[in-house]
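Hi,

Here is the structure I said I would pass on. Have a look at it, then read my notes on the charged side chains below.

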Amino acid sequence: MSIRQVLTRAARTTWTHKSLWFYGLFAATAGGGIQVQLDNADYTAMPEWLPAVLVAAGVLGLLFSALHLVAEAALIEGVRDARDGAPVPIRQGLRSGLGHALRVLGVKLATGLLTVAVVALVVAPGLLTALGHLPLVAGVAGSVLLALPAVPVVVSLAVVGELALRLVVLEGRPVVESLRHARRMLHTGLIDTLGLLVGIAVGRAGLSVAIALPAVVLGLVVGAPIYALAGLVPALVALGIVVLPLGLFLAGVSGAWSSAVWTEGFTLLRTKAA
């Protein structure tokens, strides 16, 4: 199977099985946190409802983070099932994905922490310069020199993470073993991996443009008259109501298609690494 066939099959699977878009929406986005500066805050002036809102936001963030992990696993299994002609309902898919959530978290933590360490190493000279411990030229040169090898390392970690996710979900392997085997798969299928990366980048860019154009048109058609009649704030609210569904659609389809490409590509790379 060639890279072109992988991309085509992934596109066909994503379009034919639209339930994958639901998983893709949550797999493409992770739950975020809220950072609030409270060191010098005036607690007496704080509204009574604000602590409850912050707690609720934190709980929602945790719930969305957990749903992201479950949806990631459910999407991988969903693509495999759809390819094999046995798609499962969303509820059953989420239940199955829940069983893989901890190992998915383990893969993401391992690759994420390594990525943070590499990025921290790159920015360290600039930070030392800002603190006055290095001259400006030395700090800039150090960060640039460290960034050259760091970029392929970060990309490799991202690829290893994608492959390891499919090893833990589709084959039930432990996290550490999956990461090791994913690294070997990357080395034996480097050219194919680069092809997958380029294909995903081009596909997502094309999809973004295809969604952005109607979004701009709708924004002008809806927002301009409301702006002329009611002002900026109502126009922005109306624009958000119109554009938000398109953004959710883009996130869902793009997330599902990207995962489908990696799942189809995993089969190709798995054969070469056997």
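E177 counts as partly exposed, with a relative accessibility of 36% (partly exposed is the range between buried, under 20% relative accessible area, and exposed, over 50%, using a 1.4 Å probe and protein chains only). Its side chain meets that of R173 in a salt bridge, 2.5 Å from N to O; the term here means a side-chain nitrogen of Lys or Arg within 4 Å of a carboxyl oxygen of Asp or Glu. R173 also pairs with E171, at 2.7 Å from N to O, and E171 is partly exposed at 34%.

Before going on, note that this is a predicted model, where local features need pLDDT of at least 70, side-chain atom pairs count only at pLDDT 80 or more, and totals for chains, interfaces and linings use all residues. Residues are numbered from 1 along each chain as its sequence is written, and side-chain values use heavy atoms, with hydrogens and water left out.

By that rule there are nine salt bridges. One of them joins E264 and R9, at 3.8 Å from N to O. E264 sits in helix α9 (residues 232–273) and R9 in helix α1 (residues 3–16), so this pair ties together parts 255 residues apart in sequence. Helices here are DSSP runs of H or I with at least four residues, numbered from the N terminus.

Buried or exposed, what is E264? E264 is buried, at 1% relative accessible area, while R9 is partly exposed at 33%. Both belong to a salt-bridge network that also takes in R83 and D84.

Cheers

Methods
Helix = DSSP H or I, 4+ residues; strand = E, 2+ residues; numbered from the N terminus.
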